[in-house]
Amino acid sequence: MKLTDFTYEVKEGIGISFQAIRANKMRSVLTMLGIVIGIVSVTLMGTAIEGLSRAFNESVSKLGADVLYVQKFPWFFGGDDWWKFRNRKDIDLKQYRDVKDQATTISAITPLSRRRLTIKYGNRSSDGIIVSGANEQYILTTGASMDLGRFFSQAEANGGRPVAVIGYTVAENLFPSETPLGKNVKIGGVSFRIVGVIGKQGSFLGMDLDNCAVIPITNFLQKFASHRRGIDLNVKVADMKDLENTKEELRGILRKIRSVKPGAEDDFAINQQEMFIQTFNKIGIVVAGIGLFITALSLFVGAIGIMNIMFVSVSERTKEIGIRKAIGAKRSTILLQFLIESAALSLVGGIIGIIISYPLSLLINQILPTSMPILVVLIAIIISVLVGMISGFLPANRASKMDPVEALRYE
Amino acid sequence: MQPVINIKNVKKTYIMGTVEVNALVDVSLQINKNEYVAIMGPSGSGKSTLMNIIGCLDTPTSGLYEFNGVNVSEMNDNELAKIRNKEIGFVFQTFNLLARSDALHNVELPLVYAGMKKTDRRESAKEALTHVKLEDRMHHKPNELSGGQRQRVAIARALVTKPSIILADEPTGNLDSKTGIEIMALFDELHRQGNTIILVTHEEDIAHYAHRVIRVRDGMVESDHMVENRITHKAPVSVE
Ligand SMILES: Nc1ncnc2c1ncn2[C@@H]1O[C@H](COP(=O)(O)OP(=O)(O)OP(=O)(O)O)[C@@H](O)[C@H]1O
Ligand SMILES: [Mg+2]
C-alpha cells in the first residue's frame, strides 16, 4: 500500500469515526466512562507524584539536608510508643548550652520552641502565626536569608531583649504600605520591636512557611511557655560529609549530659531529613500503587466496554461494510477504519479525562506544589489511543473478514 | 478481440448445513467490450449469484473466470478488492448508499479507496454527479433524495472510477415505472458513450433496452440471443 493511499484511508477513517460517535452520542459517552476514569486517575497520579517530588525537593532545600533535629520524639514511630516518648525527660536550655560548648563538628545550633500566637500592629492583626523562640543562630539553621533589616544578635538573644524577626507573609499582612523595621508589634499581647524580615520561603505541604516570627528563646519561655515544656535543638553540621560523625558526637554528648546509663537506649531522638526523604518515597510508592491499580482497573473496564460497543457497531454496520467492500475497500481498509474508530472513541474519553483532571490537579495544588506535567498529558493521550486500538482489534478484525455478499444482504 | 468477461463452466454451490444448493450449475458466457447485456430468469435461478461472481464480490466454487484476460478465480481478497474498485461499477436494487454521507461523499468514496488526491476526486465526483444530472443535489444525504435520485447517485458512484463494466442487479426493481424508464435512459446513454453494461431484470420491457438477452434457469444458461426490436428510448432525464 502506498503511503498516500494510507493517509487517505486514515483521513476517511477519522471522518467516519466522528460521524459514528456523533450519531450515537449517549452510547459513546457511556462507553468512554471507563477510559475517562482511567485517564483521570493516570493524570492525577502523575500530578500527585510530580507534587510529591517537588515538595520533597523543596523541603530538602528549605529545611536543609545538613540539619539535625534533636527532639524527644522521633519523627516516625508506631502509635504504641507514644507514652514512652512522652515520658522522656525534656530537653532544656542547660543541655543546649552544654551541647553548644562541647560539640566540635557543628557550624550552628539553636534551641527551639514554637507556639501559634496572634500578632497585632495598630488595628491590624494576624492569627495563628507560628512564633519560634530561638537564638541568634536560628537563621543559619534554616537556609533562609534576610529580606529586610537583620536577625537579632547574640547580645539581644542572651539579654532577652524584646526584639522580633517576622516572616514575609506577616510583614505583608501587617505592614502593607510601610516598613516594619523599628515598629512595635504585640505578639501574644507582649510588645516586641521588629528588627528584620525573613526572605520568602514559600509553602510546604500546604503550610505557609512565611507566616512566622522569631523571638529570643528566653523571652519565649518566660512569656509563652505557660506550662513547663521542653525545647528542641536544631543543629547544622559543619560538613555534610561528616553527618554521621556529627550525629554520633551529639549522641555521645546528649547521653552524657542526660545521664543515660551505658547500655540503655537513647532517651532522645536525632531526626534528620533522610527520614523525610524515606517517607516521601514511601508515600510516592503508595500513591503510584493505588493510582496504577485504579488506572489499570478502569482502563480494563473501559477496554472491555469499547470492545463490546465496537462489536455492536460492527454488526450494526454490516451493510455499510458490505457497501465499502463492494466499491473497493480492502480488508486492511476496513480493519483500519474500525481501529481508528475505537481509538477515536477512546481518545475522546481520554481528552474528557484530561479536561476533568485539570481542575482536580488545581485542587491537589492546594496541598502539594504541583501542576499537571505535560508529559503526563502526552502519556494519557497515548494510553487512551493504545487502549482503543487494542480493544478495537477483535471487532475490527471481524469486520474486515466479512464476506461482501453476505454483508450486503444484511438488513 | 479479447472479451471483457470470459466465464467457462462456472459452478457455485452453497452448503446449508447438510444440504447443497447449486446456485450455478454450469455457466459459460463471454461478454465483449461495449456490449449491453440483460440477464433474465425466474426468481432463485442464480442471476444475482452470477452477477456477484462477475462483479468479483464472490468467487466461483469451480470453473474459470477471466476478466480482461486475467484469471480472477484464483485471486486473493486484496486483488479482488482492487478489481472491484477500478474495473467494476456495481449498481444495486436497494441503492446501497452510505446513509450518513452526502451524495458527493458517496460518489467520492471509490476514489478514496483508489488513493486519489482529494481535489482530484472531488472534481471527478462532481463530474459524475453532473453526468447523472444531480449537480444541485451534491450535499443531500440519501434520505433527502427520491428513489430515482438515489439510484442516480449510485450510478454516478459506479461511473466515477471509469470502470471496464457496469453491473446492475435489478436497478429499477425499487422504482416506479416512470422513474425506471429514466434510469434505463441513463444506462442507454452510458452505453452509447462506450460503456459495457450488464443488467439483471425481471421485466421484459426493461430487457428490451439491451442488445443481448441471456436467460438463466436453475443455475444454467437457458438461452442467449441478440435483441431484434431494441428500444432506444430517449426519455428526457428530468431533475425532480
Ligand atoms: N448465501 C447463500 N447461501 C445459501 N444459498 C444461497 C445463498 N445465496 C443464494 N443462494 C441460493 O442460490 C439460488 C440463487 O440465488 P440468487 O440470489 O442468485 O437468485 P436470483 O436469480 O438473483 O433470484 P431473484 O430474482 O429472486 O433475485 C437460490 O436458490 C438461493 O436460495
Ligand atoms: Mg437476485
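## The shell around ligand 1

The shell around ligand 1 is made of 5 nonpolar, 7 polar and 4 charged residues (Ala, Val, Leu, Ile, Met, Phe, Trp, Tyr, Cys and Pro count as nonpolar, Asp, Glu, Lys and Arg as charged, and the others, Gly among them, as polar). Before going further, please keep in mind that this is a predicted model, in which local features need pLDDT of at least 70 and side-chain atom pairs count only at pLDDT 80 or more, while totals for chains, interfaces and linings use all residues. Residues are numbered from 1 along each chain as its sequence is written, chains are lettered from A and ligands numbered from 1 in the order in which they are written, and side-chain values use heavy atoms, leaving out hydrogens and water.

Ligand 1 sits between chains A and B. There are 16 residues around the ligand (a heavy atom within 4 Å), and those that come nearest are B:Ser43, B:Gly44, B:Lys47, B:Ser48 and B:Thr49. At least two shell residues each come from α14 (404–409) of chain A and from β1 (5–16), β2 (19–31) and α1 (47–54) of chain B; these elements are DSSP runs numbered from the N terminus, helices being H or I with at least four residues and strands E with at least two. The most is given by α1(B), with 3 residues.

## Polar contacts of the ligand

On chain B, oxygen atoms of ligand 1 lie 2.5 Å from a polar side-chain atom of B:Ser43 and 2.7 Å from one of B:Ser48. From chain A, the side chain of A:Arg409 places an N or O atom 3.0 Å from a nitrogen atom of the ligand. The protein buries 73% of the 630 Å² that ligand 1 exposes when taken alone (Shrake-Rupley method, 1.4 Å probe; for residues, only the protein chains shown count as cover).

## Where the chains meet

Contact (heavy atoms within 4.5 Å) links 27 residues of chain B with 26 residues of chain A. The two chains bury about 2400 Å² between them, 56% of it on carbon and sulfur atoms; buried area is the accessible area (1.4 Å probe) that two parts lose on being put together, summed over both. Of the area that chain B buries against chain A, 32% is supplied by B:Leu57, B:Arg100 and B:Tyr113, more than any other three residues.

The interface has 1 salt bridge (a side-chain nitrogen of Lys or Arg within 4 Å of a carboxyl oxygen of Asp or Glu). The bridge joins A:Arg331 and B:Asp77, at 2.6 Å from N to O. Between the chains, 7 residue pairs are in polar contact. On the side of chain B that touches chain A, α3(B) gives the most, with 6 residues.

## A link within chain B

Over all chains, the whole structure holds 26 salt bridges. In one of them, B:Arg212 pairs with B:Glu35, the closest N and O atoms being 2.9 Å apart. B:Arg212 belongs to strand β9 (residues 212–217) of chain B and B:Glu35 to the loop between β2 and β3 (36–40) of chain B, so this pair ties together parts that are 177 residues apart in sequence.

Notes:
Polar contact = N/O pair within 3.5 Å; in protein donor to acceptor, adjacent residues only side chain to side chain.
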